[in-house]
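Subject: Structure handover

Hi,

Here is the structure I said I would pass on.

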Amino acid sequence: MASLLSTTLNITARVAPGPVGRVAFALFVRPLGRPKVKPGEAEVMARAVTGRLVVDGIPVTTYRWGDGDRPVLIVHGWTSRASRFAGFVEALLAEGRTVVSFDAPGHGTSGGRATTILRQREIIRRLRAQYGEFSAVLAHSFGVVSTFFALRDGIRADRIVGIGAIADFDFLAARFRAMLGVNQAVEDAMRRHIQRRLFPAEPDVWPRFDACHRPEEVPSEILLVHDADDDTAAPTQSRAIAAAYGERARLIETSGLGHRRILLDPEVIAAAVEFLNAPPSQTRAASPAETAGATR
């Protein structure tokens, strides 16, 4: 079926790009399954105060741990959920921090079947309105590019931790083409559909989906952690962000953890929490060993 679909889209894209663009977009924004809470995450999630937002008519589940001001916002990745950050939540709570998060539409316990970067931004805006300015954002994978998009559009945070980052739409589109087996004409049709449907008044929106675009618009200090064996997001994605933000960014490269197990690693969790808790004077640029690929 997948082969038939890709063949049909490839053939049709040049003669009927409108319908092909709509179909490709519908596939692009729909996560592959809905993972459940793992046993090791259940206790942390049970301690959360849950809430509910409605975005584009879709119920969105939110979570809060602690009741302090300037919380740390957690933004999960694609085909994932907030519970995957249970280890980080525990470590932050032990340091007296407040944490807020959510399951994106089509993920976790939220409704809907699909999400977009605009929905992500709207959820982040609503959480900011509810809980106040964020002290930091901790994000994974697609959550990283969503975070930079939101921070460039009125949201503020002193610090960002990006793990297994996806930095730009071009990477997402190329991965989508490869996974589905479609050609450039299908991607072009999808881009035209996105432009017409979501950004009709903004003819060149694509640079805004690049975390490296205009780094001066995101004045946060940044810690990036990426695994050399990540088969979902190439390490070059985090390296590009580190290069764009210069002395404000620190990059740690690990090995053997992949794209998802990196969220379980105690050393990664400790490094992230240490960075989030350090006073501003202790924030530093990456060392040559880190940017070159410090591995364990």
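**What I found**

Thr 62 is in contact (heavy atoms within 4.5 Å) with Val 49, Thr 50, Gly 51, Arg 52, Leu 53, Ser 101, Phe 102 and Leu 127, leaving aside its neighbours within four places in sequence. Before I go on, a word on the source: this is a predicted model, where local features need pLDDT of at least 70, side-chain atom pairs count only at pLDDT 80 or more, and totals for chains, interfaces and linings use all residues. Residues are numbered from 1 along each chain as its sequence is written, and side-chain values use heavy atoms, with hydrogens and water left out.

Back to Thr 62, which sits in strand β2, residues 58–65. Helices (H or I, at least four residues) and strands (E, at least two) are DSSP runs, numbered from the N terminus. Thr 62 counts as buried because its relative accessibility is 2%; buried means under 20% relative accessible area, exposed over 50% and partly exposed in between, with a 1.4 Å probe and protein chains only.

**The whole chain**

The chain has 11 helices and 8 strands. Its C-alpha trace spans about 60 × 45 × 40 Å along the principal axes. The radius of gyration is 19 Å, which agrees with the value near 19 Å for a compact globule of 296 residues (taken over C-alpha atoms; the globule rule is 2.2 Å times the number of residues to the power 0.38). Of those 296 residues, 53% count as buried. Among contacts with a separation of 6 or more, 75% come from residues 24 or more positions apart.

**The sheet**

In what order do the 8 strands of the open sheet run? The order is β1-β2-β4-β3-β5-β6-β7-β8, and the pairing is mixed (two strands pair if DSSP finds at least two bridges between them). β1 (49–55) and β8 (249–254) are the edge strands, each pairing on one side only. On average, neighbouring strands are turned by 20° against each other, direction ignored. Axes here are lines fitted to C-alpha atoms, for helices over the stretch in contact, and angles run from 0 to 180 degrees between N-to-C directions.

β1 and β2 pair in the antiparallel sense over 7 bridges, and Thr 50 has Tyr 63 in β2 as its bridge partner. Helix α5 (residues 117–131) packs on the sheet and touches β1, β2, β3 (72–75) and β4 (99–102), with its direction at about 130° to that of β1. α9 packs on the sheet too, touching β7 and β8, and its direction makes about 160° with that of β7.

**Aromatic rings**

How many aromatic pairs turn up in the whole structure? There are 11. Rings of Phe, Tyr and Trp (its six-membered ring) pair if their centres lie within 6.5 Å; planes under 30 degrees apart count as stacked, over 60 as edge-to-face and the rest as tilted. One of the pairs is Phe 148 with Tyr 245, tilted, at 5.6 Å centre to centre and 50° between the planes. Phe 148 lies in helix α6 (residues 142–151) and Tyr 245 in helix α9 (residues 235–245), so this pair ties together parts that are 97 residues apart in sequence. Phe 148 is buried at 0% relative accessibility, and Tyr 245 is buried at 4%.

Phe 149 and Phe 209 form a tilted pair as well, 5.4 Å centre to centre with 50° between the planes. Phe 149 is in helix α6 and Phe 209 in the loop between α8 (184–198) and β7 (221–227), so the pair ties together parts 60 residues apart in sequence.

Most residues other than glycine have a negative phi. Thr 79, in the loop between β3 and α4 (86–94), has a positive phi of about 50°. Arg 214, in the loop between α8 and β7, has a positive phi near 45°.

Cheers
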